[in-house]
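Hi,

Here is the structure I promised to pass on.

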Amino acid sequence: MNYQDRIFESIEARKEAIRKAENARKEKPTNADLKETIKIFDDFGIEMQISDIPDLSSAYELEKWRVKRITEYLDSRSSR
């Protein structure tokens, strides 16, 4: 296999990895996503349970919700 073929294979592999990640972001959040959310919130000192997380349609929506909640929390802490 020559250098050009290896570069092409590397690019194709990266494209496929990006495609998989984008598709995963469009799917409904998994239990692992919800547990990760709890861990992230815990790292910020925010008490949260899985039942507190709204039923969101995609992992992307969950990511946006996380950022919004953390931002609100940090803003409320800085205004004290």
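This is a predicted model: local features need pLDDT of at least 70, side-chain atom pairs count only at pLDDT 80 or more; totals for chains, interfaces and linings use all residues.

Residues are numbered from 1 along each chain as its sequence is written, and side-chain values use heavy atoms, with hydrogens and water left out.

On to the salt bridges. The structure has 9 of them, counting a side-chain nitrogen of Lys or Arg within 4 Å of a carboxyl oxygen of Asp or Glu. As background, side chains of opposite charge can pair when their charged atoms come close.

One of the pairs is Glu-63 with Arg-25, at 3.0 Å from N to O. This pair links distant parts of the chain, 38 residues apart, with Arg-25 in helix H1 (residues 3–26) and Glu-63 in helix H3 (residues 59–78). Helices here are DSSP runs (H or I, at least four residues), numbered from the N terminus. Glu-63 is partly exposed at 31% relative accessibility, and Arg-25 is partly exposed too, at 26%. For those labels, buried is under 20% relative accessible area, exposed is over 50%, and partly exposed is in between (1.4 Å probe, protein chains only). Glu-22 joins in as well: a network of salt bridges links Glu-22, Arg-25 and Glu-63.

Then there is Glu-36 with Arg-66, whose side chains meet in a salt bridge at 3.1 Å, N to O. Again the pair links distant parts of the chain, Glu-36 in helix H2 and Arg-66 in helix H3, 30 residues apart. Which of the labels does Arg-66 get, buried or exposed? Arg-66 counts as buried because its relative accessible area is 12%, whereas Glu-36, at 41%, is partly exposed.

Last, a note on Ala-32, which sits in helix H2 (residues 31–43). Ala-32 has a relative accessible area of 53%, so it counts as exposed. Between Ala-32 and Met-1 there are 39 Å in space, C-alpha to C-alpha, and the two are 31 residues apart in sequence.

Cheers

Methods: Helices (H or I, at least four residues) and strands (E, at least two) are DSSP runs, numbered from the N terminus.
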